[in-house]
Amino acid sequence: MRTTAFLLTALFFFTLRAGAQNTIGIPNITNYLKQDYNAGRQNWAIAQDKHGIMYFGNNNGLLSFDGAFWRTYPLPNATIVRSIAIDADERIYVGGQGEFGYFFPGKNGELEYTSLKKMLPPAEFDFADVWNVCLFNKEVFFRANRKIIRFAKDKLTTWNGVNFNFMGNSTRHLLAYDNEQGLLSYINGKWTGKISTGALPAGIQFKNAIDFGKDSTLVTSISHGLFIIHNDSLHRYETPDIKTIAAMNIFGAVWLSPDKLALPTNLGGCVVITKSGNFIQRFTKKEGIQNNNVLSIFLDKDENLWLGLDNGIDLLTYSNSIKNIFPETDDRNSGYTSYIHNGYLYLGLASGLFSVPLSNQGEDLSYTKGAFSLVDKTKGQVWNLSEVNGQLLMGHNKGAFHILNNTASVIDSKSGFWLFKPVYDSVPSALIMAGSYNGISFYDYRNGQFSNPGKSVHFESARLIEKHGDHVWAIHPYKGLYKITIGKDGAASVTDYVNRKKLLSENHNHIYSIGGKLILTSDNGIFEYDDREGDFVASARFRSLFGNTVVDYLKEDRYGNIWFCANRKLGVVDRSAGKPSLMYIPEMDDKILANGFEHINVVDSNNVFIAAEKGFFHLNYARYKKSKYPLKTLIRKVSAGGNADTVIFGGYQPEAGADAPAVKYDNNSIRFECTSILYGQKHNTEYSYFLEGFDRNWGEWTKRTEKEYTNLPAGYYTFKVKSRNNFDNESPIASYQFTILPPWYQTWWAWLLYSAAFFGVLYIFYKRQQEKYKRRERKKLEEQQRRYAEEQQQLRILHELEIGKSEKQIIELKNEKLQAELEHKNAELASSAMNLVRKKEFLTKVKTDLSDYRSNADPQKAGKEFQKIVKMIENELDHDQEWEQFARHFDSVHTNYLGRLKEYCPDLTSSELKLAAYLRLNLSTKEIAQLMNISIRGVETSRYRLRKKLNLTTNDTSLFDFLINITKPNEHSGQ
């Protein structure tokens, strides 16, 4: 397959060369690689919206380009976009693989996708690639291989076919081709076979349809050429050139002008033909496109030609008045000089002298068809072409040459030569001079021949020489200026110019003849020679034109316009309107030769040849002045940067009613991406920015398409941007409004909180002052009351002392009596307790003795006596009645101690109450053991159990103190 394709391509080029040659001028071609736009390699469809933004149906989705930024919008199923169409409402309809729908801006200006496939019933999902999208009569049609779908009034209608391999539309026709039904036309909501086709070639594949004149439609096929529909009848449109192009697989067609038609091909690049079908020019890999497989083509609103390739995207500025000329077939060396002589265009390059015959002199010579050929014996560096005495002379690094009959003959080979000029004003001049690597050489001219008498003056390399009056001036860019005087006998002498006024600079010194004036340019300004003063003076005329701009090159054309180069920029002082006007040609910025090798050859207003770093530029100046493209600046993206970038504006007009976005204070670093919709001029477009509410003035012009503001304070802002590609071509201002919200501590609710806090503090202060005042008044009142009470108390005391002295004595006597009774009862109680102790000690001893007696006496007799004594003693030891008597007496003395303790802890047993009573009497453990008839260890165990029941879990609290405290009347009453 590759071999076949190669052979077909070779045959195609051979056939075209045999029939017609390509134009010598080709538009500037910009190659966008897959790595540039960062998406898929194949580009199947191209469209443009009303803002000028370009869209490409790419393997990775919908690809957009605004001249500066590429963006990719994938489909939901991440498949290829095969087709695109944009309606009047700016909906971008796309067809993909098993998917179709449209993109439209959302609230924040970002493109959002709406799938129309979801509107179909699942049974209708049996389609694969949607190859075409057509807009016809405000309806949208999608074409897959077996189905055509119409979208109108938010409803879908489908038509099924055997194999719909084509759908396309012109102004008057919407066409589709089905293998069984043939070529169909959509009329009144139906697909009919109204188009008469006759017998079509087997396997024909139509590709697209466009208008052809006022009443016809042109239909292209991939391999069977072109057809025209006229009066509902299809006719073949064939010429020898069209037939040759058809063999390369035609993939579409687009009108470049009313008489020029561009045909993209699968094997032969893009070919331009006339309306009558004759070849004009081609664009292939040789001319600069990336590959010859062109899948899609589009002519934008500025008449730029876009090619969607099998691998990449190419932009051809087709309608631009500037063309490239590359004389060499396989290389693009720098151009240095050009000249038209005897019907030939000669171009001198770093590799030699090339020529091409001209067939349409007086018109735009870039459309000349032909092929450049190398002039014999001119290989090497060509510096200059000059016509002297009607003869074409060439300055070469190998010598001076005479070009005659497209052949070079040597005049002088002793040195390299820069240029040639006549010495005398008479025509022909009998003596000519030539600037060489060593100085200036002089040659006689007789009978059309140049002879070398050996006259020369050596001082320095004389690349720039000008004759002024009776003298010749030569200048070296950095070594100085020389004045050459030629005697009547032809002898020459050299005088160094004395730089008293410091006019010359360390570099960039040049000399020219403009309007009969000798002009000197340097880094210090522009000067002209004053014959009366005999020296150079500052030129007021040029200063008024250029100001302080350092000019490197000046050239006056025959119309009085002055062409110049400054800072690698090309411009012209145009005098066609009478008053001089300064105009730059930004398309050539940084592309022309510099450092004294600038070259501009103004043939006429339609043909200006300019030496470039790669070949030459051809400028149709008359057209260029009329074709200024209006600039339009767009804000393509606004993002707020905090911890992560957040897109707040996606570059499209947001939905109606959308408010200016409010950005949180944490994201108060705002970044803008801007572009000017003027394709092919990105590198010579400048921008100026202004943030209203922050900046004081517009910023300096810059080529940066991005602007960032960091740490913006809270407030309302309007961002403005404008662009220019020339001093007199400035775009309208584009603007975008947004708000930076205040930080939380500056919000309304924060201020409300601050106000509430402030008034709260005031209120607290007021209340405190009020309370302080009340306390002070209350204190005064209390003090008064206290004083009054004290006075009353004193009076009452005196009265009571006088009246109640006896009562006090009685009370004291009663208290003393009660205290005595209490002490007596305590003593009796203690005595009673001690008696009990002694009694129990006695009885215990008796019991012990009787037990001993039993063991020693007569067993039978002593046993009965023993039982009687023991029973008597046990009756004596029964102290329950004594305890009850003791308890009543104890409670009467100790204010119902046992009753209060029982109330505090109802679970206490009789033994525990006894223990508590003995503890209240502060008896020792031994005494308690004897009273309770238990061991000392038993007392300790009983104490532990009592503590546990009273919830005394720690040893920090004394049991005695606890019993005293809980049985106090005040505490008990509060429990």
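Helix α11 covers residues 910–920 and helix α13 covers residues 936–949; their axes come within 10 Å and cross at roughly 100 degrees. Angles from 65 to 115 degrees count as roughly perpendicular, so that is the word for α11 relative to α13. On the α11 side, the contact is made by Glu-912, Leu-915, Ala-916 and Leu-919. On the α13 side, Val-939, Ser-942, Arg-943, Arg-945, Leu-946 and Lys-949 take part.

Before we go on, please keep in mind that this is a predicted model.

There is another pair of helices to look at. Helix α10, residues 897–904, packs with helix α14, residues 959–966, at an angle of about 95 degrees, and the axes are 9 Å apart. This makes α10 roughly perpendicular to α14. If you want to find the contact on screen, look for Tyr-897, Leu-901 and Tyr-904 of α10, together with Phe-962, Leu-963 and Ile-966 of α14.

Now let's step back to the whole protein. How many helices and strands does the protein have? There are 15 helices and 66 strands. The chain has 975 residues, and 50% of them count as buried. Its accessible surface comes to about 49,600 Å², with 50% of that belonging to carbon and sulfur atoms. As for contacts with a separation of 6 or more, 50% of them are between residues 24 or more positions apart.

Next, the surface. A nonpolar patch is formed there by Trp-744, Tyr-745, Trp-748, Trp-749, Trp-751, Leu-752, Leu-753 and Tyr-754, and together these residues have about 1,000 Å² of accessible area. Let's pick out one of them, Leu-752, which lies in helix α6, residues 748–803. Leu-752 counts as exposed because its relative accessibility is 51%, and the cut-off for exposed is over 50%.

Val-537 sits in strand β50, residues 535–538. Is Val-537 exposed or only partly exposed? At 21% relative accessibility, Val-537 counts as partly exposed. Leaving out residues up to four places away in sequence, Val-537 touches Lys-501, Ile-526, Phe-527, Glu-528 and Asp-530.

Let's finish with some loops and their backbones. Asn-137 is not a glycine, yet it has a positive phi of about 50 degrees. You will find Asn-137 in the loop between β11 (130–136) and β12 (139–144), and with 61% relative accessibility it counts as exposed. Asn-249 also has a positive phi, about 70 degrees, without being a glycine. This asparagine, Asn-249, lies in the loop between α3 (240–246) and β23 (254–257). Is Asn-249 buried or exposed? Asn-249 is buried, because its relative accessible area is 19% and buried means under 20%.

My last stop is a peptide bond. Val-427 and Pro-428 are joined by a cis peptide bond, with omega at about -5 degrees. Pro-428 is found in the loop between β39 (417–422) and β40 (431–436).

Conventions:
Residues are numbered from 1 along each chain as its sequence is written. This is a predicted model: local features need pLDDT of at least 70, side-chain atom pairs count only at pLDDT 80 or more; totals for chains, interfaces and linings use all residues. Side-chain values use heavy atoms; hydrogens and water are left out. Patches are made of residues with over 30% relative accessible area and no salt bridge: like charges are joined within 9 Å, nonpolar side chains (Val, Leu, Ile, Met, Phe, Trp, Tyr) within 5 Å. Accessible areas come from the Shrake-Rupley method with a 1.4 Å probe; for residues, only the protein chains shown count as cover. A salt bridge is a side-chain nitrogen of Lys or Arg within 4 Å of a carboxyl oxygen of Asp or Glu. Helices (H or I, at least four residues) and strands (E, at least two) are DSSP runs, numbered from the N terminus. Buried means under 20% relative accessible area, exposed over 50%, partly exposed in between (1.4 Å probe, protein chains only). Axes are lines fitted to C-alpha atoms, for helices over the stretch in contact, and angles run from 0 to 180 degrees between N-to-C directions. Angles under 35 degrees count as roughly parallel, over 145 as roughly antiparallel, 65 to 115 as roughly perpendicular and the rest as oblique. Contact means heavy atoms within 4.5 Å.
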